[in-house]
Amino acid sequence: MEKDRPYSKRLKMTSPDHEMVEYRSLELLGFPDYKVGNDGTVWSRRGHTLQPEATKKWKKLNPGAYRSGHLFVCLRKDHREKSTLMAVHRLVLLAFVGVP
């Protein structure tokens, strides 16, 4: 099973040292309803458009994987726009280091 899906461990991996995870908003990238952790987790607060902001709960996104093994998630800027595929490692870089 491991040979069929070499990235499966990374999808379920948690911090072995149980370190504090720091989260940063993706608002500067144009995605205000998303945040990313320094451990590579991506969270969404998007919900039904009629739902008030205060009642929206954060949900962890399940990333997909490219053939190369890099993880990606689908993000939306607005409920009317198409989704954008973003590599998780790139989101972490942009959120914690900044736009080059």
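How exposed is Tyr-66? Tyr-66 counts as partly exposed, at 33% relative accessibility. Here buried means under 20% relative accessible area, exposed means over 50%, and partly exposed lies in between (1.4 Å probe, protein chains only).

This is a predicted model, in which local features need pLDDT of at least 70, side-chain atom pairs count only at pLDDT 80 or more, and totals for chains, interfaces and linings use all residues. Residues are numbered from 1 along each chain as its sequence is written, and side-chain values use heavy atoms, with hydrogens and water left out.

Helices (H or I, at least four residues) and strands (E, at least two) are DSSP runs, numbered from the N terminus. Two strands pair if DSSP finds at least two bridges between them. Strands of a sheet pair through backbone hydrogen bonds, either parallel or antiparallel. This sheet is open, its order is S1-S2-S3-S4, and its pairing is antiparallel. S1 and strand S4 (59-60) are the edge strands, and each pairs on one side only.

Strand S1 (residues 23-26) and strand S2 (residues 31-37) are antiparallel and joined by four bridges. The two form a hairpin with four residues between them. Gly-30, in the turn, has a positive phi of about 95 degrees. Leu-26 stands opposite Phe-31 in S2. On its other pairing, S2 meets strand S3 (residues 42-44) over three bridges, again in the antiparallel sense. There Lys-35 stands opposite Trp-43 in S3. Helix H2 packs on this sheet and touches S1, S2 and S3. The direction of H2 makes about 100 degrees with that of S2. Contact means heavy atoms within 4.5 Å. Axes are lines fitted to C-alpha atoms, for helices over the stretch in contact, and angles run from 0 to 180 degrees between N-to-C directions.

Strand S5 (residues 64-65) is joined to S6 by two bridges. Gly-64 has Phe-72 as its bridge partner in S6. S5 and S6 form a hairpin with five residues between them. Gly-69, in that turn, has a positive phi of about 100 degrees. How much of S6 is covered? Strand S6 (residues 71-75) is mostly covered, with four of its five residues buried. Four bridges join S6 to strand S7 (residues 84-87). Among the partners, Val-73 pairs with Met-86, and Leu-75 pairs with Thr-84.

H2 spans residues 88-96 and includes Arg-90. Arg-90 is partly exposed, at a relative accessible area of 44%. Arg-90 and Phe-72 are 18 residues apart along the chain, yet their C-alpha atoms are separated by 9.2 Å.

Turn next to the rings. A pair of aromatic rings is described by the distance of the centres and the angle of the planes. Rings of Phe, Tyr and Trp (its six-membered ring) pair if their centres lie within 6.5 Å; planes under 30 degrees apart count as stacked, over 60 as edge-to-face and the rest as tilted. The structure holds three aromatic pairs. One of them joins Phe-31 and Tyr-34: the centres are 6.1 Å apart and the planes at 80 degrees, so the pair is edge-to-face. Phe-31 is buried at 4% relative accessibility. Tyr-34 is buried too, with a relative accessible area of 4%. Tyr-66 and Phe-72 form a tilted pair, 4.7 Å centre to centre with 35 degrees between the planes. Phe-72 counts as buried at 18%, while Tyr-66 is partly exposed.

Charges meet rings here. A charge sits over a ring if NZ of Lys or CZ of Arg is within 6 Å of the ring centre and within 35 degrees of the ring normal. The charged end of Lys-35 sits over the ring of Trp-58, 4.4 Å from its centre. Lys-77 lies over the face of Phe-31, at 5.5 Å from the ring centre.

The structure holds one salt bridge, defined as a side-chain nitrogen of Lys or Arg within 4 Å of a carboxyl oxygen of Asp or Glu. Arg-24 and Glu-22 form it, at 2.9 Å from N to O. Arg-24 is partly exposed at 31% relative accessibility, and Glu-22 is partly exposed at 38%.
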